[in-house]
Amino acid sequence: GSHTAIKSGMIAAESVFEALVDGGESAAESAVAVTGEISSGEVVKEVTSYEEQMNKSWVHEELYEVRNTHEAFARWGLLPGLMYTGLATHITKGREPWTLSHEERDANKTQPADQFKPIQYPTPDGIITFDLLTNLQRSGTYHEDDQPAHLRIKSELSDIPESVSMQIYAAPEQRFCPAGVYEYVEEEGSTGGSGDKKLVINAQNCVHCKCCSIKMPHEYINWTVPEGGGGPQYQVM
């Protein structure tokens, strides 16, 4: 999906620029796109052309063909999902007269930990499998130390990491996060119980997968865009 992400960003930039310079040559000369300054009298514009241009691009064509594949797995499981995906990608190619809608939040499908057996994964061998911190280092992720944290607990859901996530769901965020952003640490003077642990967010480690904003219990994390240039710096793309 990197190519579609890059192309959609290019279309967004072009659409915003066209909206800023809309109004003729004189407007273009004084527009923020040229001068870098926003006039207090400038009318706020909605860039509706972005959606229009996206619908005309190959990005829309490519993604529309596979619009039902993810939901097929979510609804019917592995084997039926594979069968439907094979049919959609090789035969119908998106021409199905229906669209499977995702009707429930992924966060609502997270089940209490007592309904499952703990999984004991083998220790990474350093040849084929690697530990989390090694993989994180290879991603080259970086955020400026003095920028505001882009991962924040929603104020109205502050009780979730304190008394729900660890106690009911065994803190899935500290296990599914591929960068070790979320960890529960024992507070000083604690008795060692799960209720004595406090959530620590290492936002500087984030590789921008956004799993936390979708899968957290009750979606208690507000994922905002960090400063430009921050995040993973993959060298082989």
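**Setting up.** I worked from a predicted model, in which local features need pLDDT of at least 70 and side-chain atom pairs count only at pLDDT 80 or more, while totals for chains, interfaces and linings use all residues. Residues are numbered from 1 along each chain as its sequence is written, and side-chain values use heavy atoms, with hydrogens and water left out.

**Cavity.** I searched the whole structure and found one cavity of 30 Å³ or more, and the space in the largest cavity is about 80 Å³. Its lining has 15 residues, and Cys-177, Pro-178, Cys-206, Cys-209 and Cys-212 are the closest to its centre. On a 1 Å grid over the protein atoms alone, a cavity is a set of points where a 1.4 Å probe fits but cannot get out, a pocket is an open set with protein on both sides within 12 Å along at least five of seven lines, and lining residues have an atom within 4 Å of a point. A volume is the space filled by probe spheres set on the points, which are joined across faces, edges and corners.

**Helix H6.** Last, I looked up Phe-73, which lies in helix H6 (residues 69–76); helices are DSSP runs of H or I with at least four residues, numbered from the N terminus.

Methods
Helices (H or I, at least four residues) and strands (E, at least two) are DSSP runs, numbered from the N terminus.
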